[in-house]
Amino acid sequence: MVLELAGREVAISNPSKVFFPRAGITKLDMVRYYLAVAQGALGGVQGRPMALKRFVNGAESEPFFQKRAPEKRPDWIGTVELRFPSGRTADEVVVADEAALAWVINLGCIDLNPHPVRATDLDHPDELRVDLDPVPGVEWPQIRDVALVARDVLADFGLIGWPKTSGSRGIHIYARIQPRWEFGEVRRAAVSVAREIERLAPELATSKWWKEERHGVFVDYNQNAKDRTVASAYSIRPVADARVSAPLTWAEVPSCDPAEYTIGTVPARFAQIGDPWAEMDEAAGSLDGLLELAARDEAAGLPDAPWPPHYDKQAGEAPRVQPSKRRTAGSSGTGRRQSTKPLIEIARAASKDEAMAGLERWKVRHAAVWPKLEPADVLVDSMRGRSSSWYRIRLNLQHVPEAERPPQEPLEVDYDPWVGFQP
């Protein structure tokens, strides 16, 4: 099928290919969805480099565009070269219009993951992103409550927050900012936002990076580190019911239900109410207040929050060692890390579903122990393998009486991501 879009011909290959079996949604359905909401969708991605992630076998693959032969890209698809903290570079697509949008979806990239910069200035972000990520067991009403606290924190520092459902389990809040600060400064401001939310709602939210320390809703400040991307507004997400990352008004947040925003419902909503984020570009604010707060925290002795593991150690950063492995006073002095948390490992698996199935088998065997665990005691980690992600599940037995704690047992699933790897 060939579509005429923005004065160009865009071929849609295999338009009847089903991407969401439960809902029967095809590639052509996805293209038509994005064209129906193009005005809003382009508002979040137009002119921004995007990390393209292909949807393969029910999950997103690693970013792949830079691996494609250049001759397979039409000459009217623009790209820019990004340089990442790891030292690698990548040519990433910059969507300019409906034709480029449809071309991207035809590749099987069902959601859009733009960087927080414009292609004209790759060093200075123009948005701060607040990612609310609940720990397992946290219910949706608590996430909504934390979103309202985040709105107030941003407002206290002169910024307007623009909320949207993540399309999965959380809420994203963007704040448009003037492109005056580099990535490190924007991340520093995001750390201040996370800590301020935690101060105001300590029972509901946390800024703690290590999963074994988290509770409630984690405010993921590291989504503002360079090379991190977040699904854009109106993106279809790779979940069974084809939910959409839907922009909201603040009046909708207290009662919103993420299951209501899907590829089937959002086009009619868009036609009725338009784009709730249409005026975002006119609301660019300053980070000065948040950076002043960061300076006060630093002067009071609060170190920088941990960075993602693939970043070099940063000046002022706290030791990048998870609490359960930190050496304590009175340790043996052997140089080995001493565990301070009673952790056991349950599974290592190639997919999250396999890892969770292993956890279910463990729960059946230890039916008397499982009810004693808190939601934050279940640590589900997405790990980076040589060419893909894999999953690890650990349990923190801190709430289980010592005499009742199960020992470390053979893993329910024992996947080795390095099998066959040749350095």
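In this predicted model, the largest nonpolar core holds 92 residues, and those with the most contacts inside it are Val104, Leu128, Val130, Leu132, Ile197 and Leu287. Helix 4 (residues 140-156) supplies the largest share of this core, eight residues. There's also a second, separate core of 16 residues, with Ala347, Ala349, Val380 and Val413 among them.

Let's zoom in on Ile197. Leaving aside residues up to four places away in sequence, Ile197 touches Val130, Val146, Val149, Ala150, Val153, Ala205 and Val219.

Next up is strand 10 (residues 127-134), where seven of the eight residues are buried. Strand 10 runs antiparallel to strand 12 (residues 171-176), and six bridges join the two. Here Leu132 stands opposite Ile171. Strand 10 also runs antiparallel to strand 14 (residues 217-219), this time with three bridges.

Now for the rings. The whole structure has seven aromatic pairs, and here are two of them:

| Pair | Centre distance | Plane angle | Type |
|---|---|---|---|
| Tyr174 and Trp277 | 5.2 Å | 45° | tilted |
| Trp209 and Phe218 | 6.2 Å | 65° | edge-to-face |

What does the pair of Tyr174 and Trp277 tie together? Tyr174 lies in strand 12 and Trp277 in the loop between helix 6 (266-273) and helix 7 (288-299), so the pair links parts that are 103 residues apart in sequence. Tyr174 is buried at 4% relative accessible area, and Trp277 counts as buried at 10%.

Arg214 lies over the face of Phe218, 3.7 Å from the ring centre. Elsewhere, the charged end of Arg187 sits over the ring of Trp307, 3.9 Å from its centre.

How values were computed: Residues are numbered from 1 along each chain as its sequence is written. This is a predicted model: local features need pLDDT of at least 70, side-chain atom pairs count only at pLDDT 80 or more; totals for chains, interfaces and linings use all residues. Side-chain values use heavy atoms; hydrogens and water are left out. A nonpolar core is a set of buried Ala, Val, Leu, Ile, Met, Phe, Trp, Tyr and Cys residues joined through side-chain atoms within 4.5 Å. Buried means under 20% relative accessible area, exposed over 50%, partly exposed in between (1.4 Å probe, protein chains only). Helices (H or I, at least four residues) and strands (E, at least two) are DSSP runs, numbered from the N terminus. Contact means heavy atoms within 4.5 Å. Two strands pair if DSSP finds at least two bridges between them. Rings of Phe, Tyr and Trp (its six-membered ring) pair if their centres lie within 6.5 Å; planes under 30 degrees apart count as stacked, over 60 as edge-to-face and the rest as tilted. A charge sits over a ring if NZ of Lys or CZ of Arg is within 6 Å of the ring centre and within 35 degrees of the ring normal.
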